[in-house]
Amino acid sequence: MQERRFHVATEEEIRNGKTTDIYFIRANKILKKHGLDKVHVYAEVSTSGFPNNWQWAVLAGVREAINLLEGHPIDLYSFPEGSIVFPTDYNGYRMPIMMIEGTYSDFSVFETPLLGLICQASGIATAAARLRTLAPNKSILSFGLRRMHPAISPMIDYSCYIAGLDGVSGVLSAELLGIPPSGTMPHATIIIFGDQIKAWKAFDEVLPPEIPRIALCDTYRDERDEVVMAAENVENLTGVRLDTPSSRRGNFIKIIRECRWELDIRGYKDVKIFVSGGIDEEWIKKLTIPEVDGFGVGSYLSNAPTIDFGLDLISVYRNAKWIHAAKRDRLNGKKKVWRCSKCLIDLITLQNANPPSCPKCEKQMSPAMIQFIKDGEIIEEIPPPEKIRKTLSEYLKLVSVD
Ligand SMILES: [Zn+2]
């Protein structure tokens, strides 16, 4: 086995198509032998549905997809980064979320990395956006890097951030996003001090004032005791974090309410309560109560299901005209996707059709996709993460999580 410190591909290897599946290389060889490798094609990225019965998804990874395909003589159209997308249009017709046109052999090897970039990031962004929708007024932080390969930590946190989460714990991720990283304290600090109060006080003494003082209150004693100890001993206490282990959770909501009560009656109404440890959609639904101020969410985000987007050839340019060539289950014809952004409704038509009217509000619909690459050149830049999350936050008001 060839030695490499970590099992990761380099940027250069990915950009050179080295992470592709072998059958694309073999296909190109066969096509070339028969003089078919320069055939011009039109391809679509689409899905037959989302995991976990999700009704909508947040498209992410478009920024990386553009960086992957830049410089290759193709045209790329896509829903913008951070768009809410559906598997079908309003009438139930399978809908592309991305379209590529060019010579097949110029982009075929990029099918594998292209899908990998958007499938995983979209799964994470969707999971994050669902939590955002369920608890719009609570603080939600991405804490799940430790369960995933470190090489993808910037992608995980980027996807959570554009979906609207309040912060990310990853140092490199935060640096790349241009935001301060978020975090409290690990159990290890308390274990090494051997005393909760000493550890909390040291945290307060050592760290700069802009870092919120959030005391971890579940290490050795009952949560109720520890939160009172923290409130009474840490001068600048912002809040407490309960990372109660599952073996002790009995009734977590009752534990949280008891902590809130004990803090309040002692005059610590401003001390916030944050919870972490195995938080997922079900927990967020249960714990979106006035007593909880925020959540640290781990594997539910970083290990979100990947979305099965696939890439299919739809039309082939042969004998000076476009030929319908889609496989079974896919819809023929070069298409255009239209959206009413007020109603979040999409319709597909053939490419040269006139703009349809929204079936709900009857206003004229607008093209949903943007051409990002023209003959290999990036012609439209992706906005910064801050802008993407702001735009998405408005659209998230139009969808629900059921
Ligand atoms: Zn409308």
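**View 1. Aspartate 375, an exposed residue in a predicted model.** Aspartate 375 has 11 C-beta neighbours inside 10 Å, so it counts as exposed. You'll find aspartate 375 in the loop between β17 (370–374) and β18 (377–378). Strands are DSSP runs of E, at least two residues each, numbered from the N terminus. The phi of aspartate 375 is near 45°, a positive value in a residue other than glycine.

**View 2. Aspartate 329, in the loop between β13 and β14.** Those two strands cover 321–324 and 335–340. Aspartate 329 isn't a glycine, yet its phi is positive, about 80°. Is this residue buried or exposed? Aspartate 329 is exposed, with 8 other C-beta atoms within 10 Å.

**View 3. An open sheet of six strands.** Read across, the order goes β7-β6-β11-β10-β9-β8, and the pairing is parallel. Two strands pair if DSSP finds at least two bridges between them. At the edges stand β7 (167–168) and β8 (213–216), each with a single partner strand, so one side of each has no neighbour in the sheet.

**View 4. Where β6 meets β7.** Strand β6 (residues 139–142) pairs with β7 in the parallel sense, over two bridges. Look for serine 142, which stands opposite valine 168 in β7.

**Notes.** Residue numbers start from 1 along each chain as its sequence is written. The model is predicted, so local features need pLDDT of at least 70 and side-chain atom pairs count only at pLDDT 80 or more, while totals for chains, interfaces and linings use all residues.

Conventions: Helix = DSSP H or I, 4+ residues; strand = E, 2+ residues; numbered from the N terminus. Buried ≥ 20, exposed ≤ 12 C-beta atoms within 10 Å, placed from the backbone.
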